[in-house]
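Hi,

Here is the structure I promised to pass on.

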Amino acid sequence: MPEDDLRRQLAERFREVNGDHPMTAADDAYVSAQFVVLDELCAAQGRDADETRRLMLARHLPIPGYLRSDGAEMVPRDLFALAEAAGGVDRLEAWFTARWPDPDLGQQEWNAYLSGQYVCLHSVRPTNIQRKEFLTSAIDAATNQPDVGSPEWYERLHALIDELDALEPAFTDYDRLRFGGPTSRQIYIDSVRARFPLPKVTPQ
């Protein structure tokens with residue numbers, strides 16, 4: 001299949017998943033800083049970009065996380081890392097889904113991974129996906145703990161927030177459009193820090 005057809009099909013798949021939203025200059029700048037152009041990554045690693053597109057369309061690798069306004073397919077710098085850890089692209093799905101004890105949940109996470117929408121993590125690995133889920137649930141549950149408002153509670157809460165902060169990038173306005181609302185960073189990091197700021201320590 002000609003390269004232009006592969007690019008077109010991949011762009012169509014991307015818009016099926018994410019909708020058709022404009023990328024602003026600020027979005028482009030953010031994405032260019034956080035991600036890499038698919039062709040450039042493949043050239044740097046001695047891989048065939050068209051074959052990579054075919055693997056994406058065949059649901060063996062995740063589709064790009066973003067399409068820049070110039071049409072560039074933007075992917076994580078570690079796009080191929082999980083396939084290498086699994087022993088090859090053909091083994092990736094089985095390796096990935098086995099990271100979850102519940103096969104149905106493992107399949108759901110595999111589908112989410114293939115969507116390219118795990119732009120909420122600096123590095124998309126099963127351990128990071130699971131840790132993010134744990135942290136967001138723990139932050140949600142924190143307001144129901146019996147010692148709410150105590151110094152120890154504030155310390156625990158902000159330790160959770162800080163760990164999630166280290167896992168997640170900043171996001172961009174485009175993400176709020178495609179996800180139809182605030183990002184996980186806004187919900188679990190920014191807003192919680194604003195609601196429950198660390199108490200100021202009074203000098204002795």
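**What I found**

Let me start with a charge over a ring: the charged end of Arg178 sits over the ring of Tyr66, 4.6 Å from the ring centre. Arg47 does likewise with Phe80, its charged end lying over that ring at 3.9 Å from the centre. To count here, CZ of Arg or NZ of Lys has to be within 6 Å of the ring centre and within 35 degrees of the ring normal.

Before you read on, note that this is a predicted model, where local features need pLDDT of at least 70 and side-chain atom pairs count only at pLDDT 80 or more, while totals for chains, interfaces and linings use all residues. Residues are numbered from 1 along each chain as its sequence is written, and side-chain values use heavy atoms, with hydrogens and water left out.

Now the fold. The protein chain has eleven helices and three strands, taken as DSSP runs numbered from the N terminus (helices are H or I with at least four residues, strands are E with at least two). In sequence order the pattern reads α-α-β-α-α-β-β-α-α-α-α-α-α-α. The C-alpha trace spans about 70 × 40 × 30 Å along its principal axes. Of the 204 residues, 45% are buried, meaning under 20% relative accessible area with a 1.4 Å probe, protein chains only; exposed is over 50%, and partly exposed is in between.

Back to the rings. Rings of Phe, Tyr and Trp (its six-membered ring) pair if their centres lie within 6.5 Å; planes under 30 degrees apart are stacked, over 60 edge-to-face, and the rest tilted. That rule gives eight aromatic pairs. One of them is Trp153 with Tyr154, edge-to-face at 5.0 Å centre to centre and 80 degrees between the planes. Both Trp153 and Tyr154 are buried. Elsewhere, ring pairs join Phe96, Trp100, Trp110 and Tyr113 into a cluster.

Most residues other than glycine have a negative phi. Arg59, not a glycine, has a positive phi of about 65 degrees, and Arg59 lies in the loop between helix H4 (49–57) and strand S2 (66–67). Arg59 counts as partly exposed because its relative accessibility is 41%. Phe171 is not a glycine either, yet has a positive phi of about 70 degrees. Its place is the loop between helix H9 (151–167) and helix H10 (173–178). With 6% relative accessibility, Phe171 counts as buried.

Cheers
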